[in-house]
Amino acid sequence: MGDVEDLRRRVQGYLLQHAGVAEGEVRVLEVAAARPVGLPPGGELILVGETSGVAVIRENLDVNERGFDPAAPAVTEGQAEGFRAQLRGAAAVTLRVEGRAVSAGMMLPVHDGVTELTGIATLAAYRGRGCAQVVTAALVEVAGARGAEVVFVRSVRAGLYARVGFRSL
């Protein structure tokens, strides 16, 4: 992995510019050091962007909401359409297993070779099967294709991210 101080400086710069903060625990990964993760049996990844159909955006948001709160109400078409603007320059991924959307997450726009992954969630019935790892690895791959050299997360779930190659700064 590259120089830790350089990585810390780049991530703090991103946080200051885009989140208004420069501190907090983060886990970082240089895209070139990412560990590949295979799809589960019957798995399919769906890339979600600002030009995606509203049903695809809604599916992603619904999994995200219910992954964090199983009692969350279903995402409406209006909410999904409203979220489209947040996908400008960003991307989301939905993992379907045997046709059912079970895990989702998002990468924010890349700035100066750095991006943040956020909102990675899995439905309760599918946790412990590596679904969040698949979504995380897919987002890292998309980020790299969009010019990211460094990807970071702000999360306490160290184990999940370590399996993909992230480390604490």
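Trainee: What should I know before we start?

Mentor: This is a predicted model, where local features need pLDDT of at least 70 and side-chain atom pairs count only at pLDDT 80 or more, while totals for chains, interfaces and linings use all residues. Residues are numbered from 1 along each chain as its sequence is written, and side-chain values use heavy atoms, with hydrogens and water left out.

Trainee: Why is N64 called buried?

Mentor: Buried means under 20% relative accessible area, exposed over 50%, and partly exposed in between, with a 1.4 Å probe and protein chains only. N64 has a relative accessible area of 16%, so it is buried.

Trainee: Which residues is N64 in contact with, leaving aside its neighbours within four places in sequence?

Mentor: They are A104, G119, I120 and A121; contact means heavy atoms within 4.5 Å.

Trainee: Where does N64 lie?

Mentor: In helix α2, residues 54-68. Helices are DSSP runs of H or I with at least four residues, strands are runs of E with at least two, and both are numbered from the N terminus.

Trainee: How many residues does α2 have, and what span is expected?

Mentor: α2 has 15 residues and reaches 21 Å from its first C-alpha to its last, close to the 21 Å expected at 1.5 Å a residue. The expected span is 1.5 Å times one less than the number of residues.

Trainee: What do the buried residues of α2 pack against?

Mentor: Against β2 (43-48), α3 (77-83), β3 (91-97), β4 (100-107) and β5 (114-122). Those buried residues include I57, L61 and N64.

Trainee: What makes β2 and β7 edge strands?

Mentor: The open sheet has seven strands in the order β2-β3-β4-β5-β6-β1-β7, with mixed pairing. β2 and β7 (167-168) each pair on one side only.

Trainee: How do you know that β4 and β5 pair?

Mentor: Two strands pair if DSSP finds at least two bridges between them. Four bridges join β4 to β5, which run antiparallel.

Trainee: What is in the largest nonpolar core?

Mentor: That core has 32 residues, and L117, V151 and F166 have the most contacts inside it. Its largest share, ten residues, comes from α4. A nonpolar core is a set of buried Ala, Val, Leu, Ile, Met, Phe, Trp, Tyr and Cys residues joined through side-chain atoms within 4.5 Å.
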